[in-house]
Amino acid sequence: MENCCGLVTVKNEPVPLKSIAVEVSVQGHVATVSSTLQYENQEQSPLEAIFVFPLPGEAAVCRFSAKIGQTEVVAEVQEKQKAQEQYDDALSSGQQAFLLEESDESPDVFKLSVGRLPPGEKASVSLDYVTELAVQADDGLRLCLPAVLNPRYQPQGSDSGSAGSAQVSSVPAGSVPYSLSLSAHVSSPHPISGVESNCPLDPLNYLNTEKTQATVSLAAGHQFDRDVELLLYYQDTHQPTAIVEAAQASAKPGTLMGDPVVMLSLYPEFPKDVMSSMTSHGEFLFVVDRSGSMECPMHLGSGSQDRIGSARETLLLLLKSLPMGCYFNIIGFGSSYESFFPKSVEYSQKTMDEALQKVKEMRADLGGTEILQPLKHIYSQPCLPDQPRQLFLFTDGEVGNTKEVLDLVKTNAGSHRCFSFGIGEGASTALISGVAKQARGHAQFITGQDRMQPKVMQSLRFALQPAVVDISVKWNVPKEVSVTPLSPPIRVIFQGQRALLYAQLTGKSSGDTEGSVTVKYSLAKQPVENQLSFSLKPTEDTGMTVHRLGARTLIQSLEVEEREQDGEKEGVKEKVIELSVQSGVSSAFTAFIAVHKGDGQALQGQLLRRHVPTPMLYQTSMYMTQSCFMARCSPLMMASSLQMSAPDLDDLEVFGYDCSEDFDSPAPTSKPVRDPLLQLISLQKASGSWVLEAALAEVLVKTEEEVSKPKPAQVDQEVWATVLALVWLYGFKMEAQEEWQFLAMKAVSWIQAQKVASVSECVQAGNTLLGCQVQKDTLGL
């Protein structure tokens with residue numbers, strides 16, 4: 001290979017992108033993210049650089065500018081085709097131009113074109129976006145900066161070569177030839193408890209004694225091997241609030257930007273008695289990605305479990321935790337799909353055992369990732385009476401037809417709820433968050449060192465617990481002021497979830513300076529009412545974050561409406577374009593365009609095109625599928641090259657022992673390392689009980705005789721075995737309680753149904769045998 005000056009791709013082409021600097025400004029539950037990309041042309045001819053990159057699915061791009069030398073050009077929003085034509089015209093006439101556009105297939109992928117960069121010239125490109133921060137299970141607020149863009153699988157027959165399609169150039173994560181720096185300024189009405197990340201951070205620096213403002217930075221040397229995730233923790237953060245943002249001074253009153261906008265944050269409290277109540281009804285459909293990429297490891301590093309192996313263990317927990325009386329089915333999908341049962345079956349010992357055997361044999365052997373067809377199949381099946389349909393979708397989220405999938409889910413949203421799980425770095429936030437949002441569910445992301453099981457069991461808790469329903473919002477404002485909702489109505493809120501609503505306030509009150517909003521809802525069949533006051537004369541100059549998020553919310557609703565009508569409903573697309581141009585917020589039908597005419601002299605020389613490679617996370621392994629192997633070994637990979645099947649993995653030993661004895665996933669060539677917790681869980685019956693047997697004694701590290709001998713004389717063997725299992729769980733596995741809490745509740749319910757008189761004696765004898773000190777009340781007995 002010849003040596004070229006400067007940084008080069010693996011194809012020996014100079015890379016004009018040198019660095020990315022990110023500044024984050026967090027205000028409570030929302031954030032503004034400013035990214036600056038430094039380009040330099042080290043070649044002898046003018047360059048066009050193409051960079052395809054991900055943004056959070058809910059982000060609203062609101063500013064785009066370019067600086068060449070000392071001259072800054074601020075982009076304007078135009079209708080997409082018009083912007084593309086203006087960009088091409090500028091390049092043809094020898095001018096410099098910059099174009100930022102959203103992918104036609106997915107709203108979380110953008111393409112940045114930097115055109116006619118003269119030889120030796122440097123250019124700085126800046127883009128700003130605003131986004132809501134997602135609430136996490138531990139009350140943290142999550143901000144994700146996607147540094148990794150995995151190839152998106154494009155189903156056969158789809159139009160993957162259209163002008164708006166984002167063609168991705170990728171290199172292994174450790175080989176990305178540019179750097180990333182990140183600094184964050186955090187401001188909150190409540191004290192900041194701390195900031196955590198999956199990447200190394202410099203120490204948190206508080207800016208005042210109240211600890212309501214702080215700064216934090218990403219440590220130097222980020223390798224682009226993962227998405228950058230910040231978790232923010234506030235004290236008393238989940239109080240409902242109503243914040244009003246002043247109108248933009250230069251905008252016309254009566255327009256969205258020319259009127260104040262109010263943001264309502266709703267975070268209902270769930271009493272303990274509601275938290276402990278569980279339903280025994282429901283149709284639970286577990287839809288599992290079995291495409292080739294699911295054979296990839298959960299994270300980089302030695303000893304990492306593959307994604308499909310983690311999914312198998314998760315299905316074991318789910319199947320053991322389901323309530324008696326419900327219905328279930330498991331559907332695996334790739335280029336095709338397979339159902340465990342022709343239709344959902346009632347949960348029993350027989351159907352659970354049959355499903356577990358099929359889970360044991362489940363592999364990542366179904367080729368590409370096509371979610372649309374299995375979803376169509378599910379929606380074609382009639383819902384069961386008195387069994388609410390709950391869909392659990394597991395995928396690494398690498399699809400090219402995200403918008404089509406979201407439209408299908410929205411059309412069928414009235415018949416089910418969907419809980420989605422994005423597995424691994426680079427999963428599409430637009431897909432994972434979108435399906436959950438459209439189907440009134442909850443989205444979870446499993447990245448870095450995260451374990452899948454606790455997050456999935458948390459979502460199962462949401463599915464089994466009562467939720468906030470019958471939500472109504474009434475605005476109380478003076479008669480001169482009208483309220484126009486920008487957000488679709490909220491239909492359901494789960495424990496641990498927060499909802500944000502936006503509304504436009506038109507008109508001015510001559511007297512009252514305050515308005516209020518009344519929120520009513522039902523929780524566990526009990527009515528709840530909250531009233532919040534807000535100012536009708538807000539402070540000026542707040543950065544327009546709330547306005548832009550409100551505009552993005554309305555734009556997304558209109559985009560879905562336009563796709564549902566297939567463009568036949570007049571005025572919807574035009575309304576999106578008008579709103580996008582007015583608010584400066586990106587949409588599917590618009591793009592940011594900036595043209596720098598310079599000194600008026602056309603640039604001479606042939607224009608060269610360079611695709612800036614995007615980091616892509618995967619690691620080679622002995623049993624890697626073809627898609628994993630190509631992602632690691634192919635220097636520059638296009639999204640459409642993933643239409644392939646995985647290799648035959650029949651010789652891969654999935655579990656090192658029979659499912660009835662254990663449920664671990666060892667390396668194929670080594671003796672199984674048995675996880676005692678999974679071993680104990682695999683022994684539990686569908687009813688919730690355990691049987692006194694040799695396999696149980698092995699988990700307890702006792703002989704069968706040692707386990708049988710201390711049993712109180714009048715107690716049934718099955719009751720004794722079940723008490724021992726509970727004592728062992730509470731005595732030795734409290735750190736994993738979130739994973740086994742439901743199967744423990746089933747066990748307690750089963751014991752109570754046996755009407756055992758000597759439960760206290762059983763628990764005491766179990767403690768003595770196992771060397772524990774677990775109280776009967778702790779077990780729930």
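Let's start with Asp470, which is exposed, with a relative accessible area of 60%. Keep in mind that we are looking at a predicted model. Asp470 sits in strand S27, covering residues 469-476. What is its phi, given that it is not a glycine? Positive, at about 50 degrees. For background, most residues other than glycine have a negative phi.

Ala524 is not a glycine, yet has a positive phi of about 55 degrees. You'll find Ala524 in the loop between S30 and strand S31 (526-535). Its surface value is 33% relative accessible area, so Ala524 counts as partly exposed.

Staying with loops, have a look at Lys508. Lys508 belongs to the loop that links strand S29 (499-506) and strand S30 (514-523). Is Lys508 buried or exposed? It is exposed, because its relative accessible area is 77%, and the cut-off for exposed is over 50%. If we set aside neighbours within four places in sequence, Lys508 is in contact with Glu480 and Val481. Now look across to Asp259: 249 residues separate Lys508 from Asp259 in sequence, while their C-alpha atoms are 9.6 Å apart in space.

Now to a couple of buried side chains. Glu370 is in the loop between helix H4 (349-360) and helix H5 (372-380). Glu370 is buried, with a relative accessible area of 17%; the cut-off there is under 20%. Along the chain, Glu370 and Ser291 are 79 residues apart, and their C-alpha atoms are separated by 8.5 Å.

Gln78, in strand S6 (residues 76-79), is buried too, with a relative accessible area of 8%. Which side chain does the side chain of Gln78 make a polar contact with? That of Gln86, at 3.0 Å. Leaving out residues up to four places away in sequence, Gln78 touches Gln86 along with Ala83, Phe589, Thr590, Ala591 and Ile593.

Let's finish with two helix pairs. Take H6 (residues 402-411) and H7 (residues 429-438): their axes are 9 Å apart, and the helices pack at an angle of about 10 degrees. That angle makes H6 roughly parallel to H7, since the cut-off is under 35 degrees. The crossing of H6 past H7 is right-handed. If you'd like to click on the residues, H6 brings Thr402, Val405, Leu406, Val409 and Lys410 to the contact, and H7 brings Ala430, Leu431, Gly434, Val435 and Gln438. Sorted by class, that contact of H6 with H7 has 6 nonpolar, 3 polar and 1 charged residues.

The other pair is H9 (residues 545-564) with H10 (residues 572-583). Their axes come within 9 Å and cross at roughly 165 degrees. H9 and H10 are therefore roughly antiparallel to each other, as anything over 145 degrees counts that way. What is the handedness of the crossing of H9 and H10? It is left-handed. From H9, the residues that meet H10 are Arg548, Ala551, Leu554, Ile555, Leu558, Glu559, Glu561 and Glu562. Their partners in H10 are Val572, Lys573, Lys575, Val576, Leu579, Ser580 and Ser583. By class, the contact of H9 with H10 divides into 7 nonpolar, 2 polar and 6 charged residues.

Conventions:
Residues numbered from 1 in each chain as written. Predicted model: local features only at pLDDT ≥ 70, side-chain atom pairs only at ≥ 80, totals over all residues. Heavy atoms only, no water. Axes fitted to C-alpha atoms, helices over the stretch in contact; angles between N-to-C directions. Helix = DSSP H or I, 4+ residues; strand = E, 2+ residues; numbered from the N terminus. Parallel < 35°, antiparallel > 145°, perpendicular 65-115°, else oblique. Left-handed = near helix turned anticlockwise from the far one by under 90°. Contact = heavy atoms within 4.5 Å. Nonpolar A, V, L, I, M, F, W, Y, C, P; charged D, E, K, R; others polar. Buried < 20%, exposed > 50% of the residue type's maximum accessible area, 1.4 Å probe, protein only. Polar contact = N/O pair within 3.5 Å; in protein donor to acceptor, adjacent residues only side chain to side chain.
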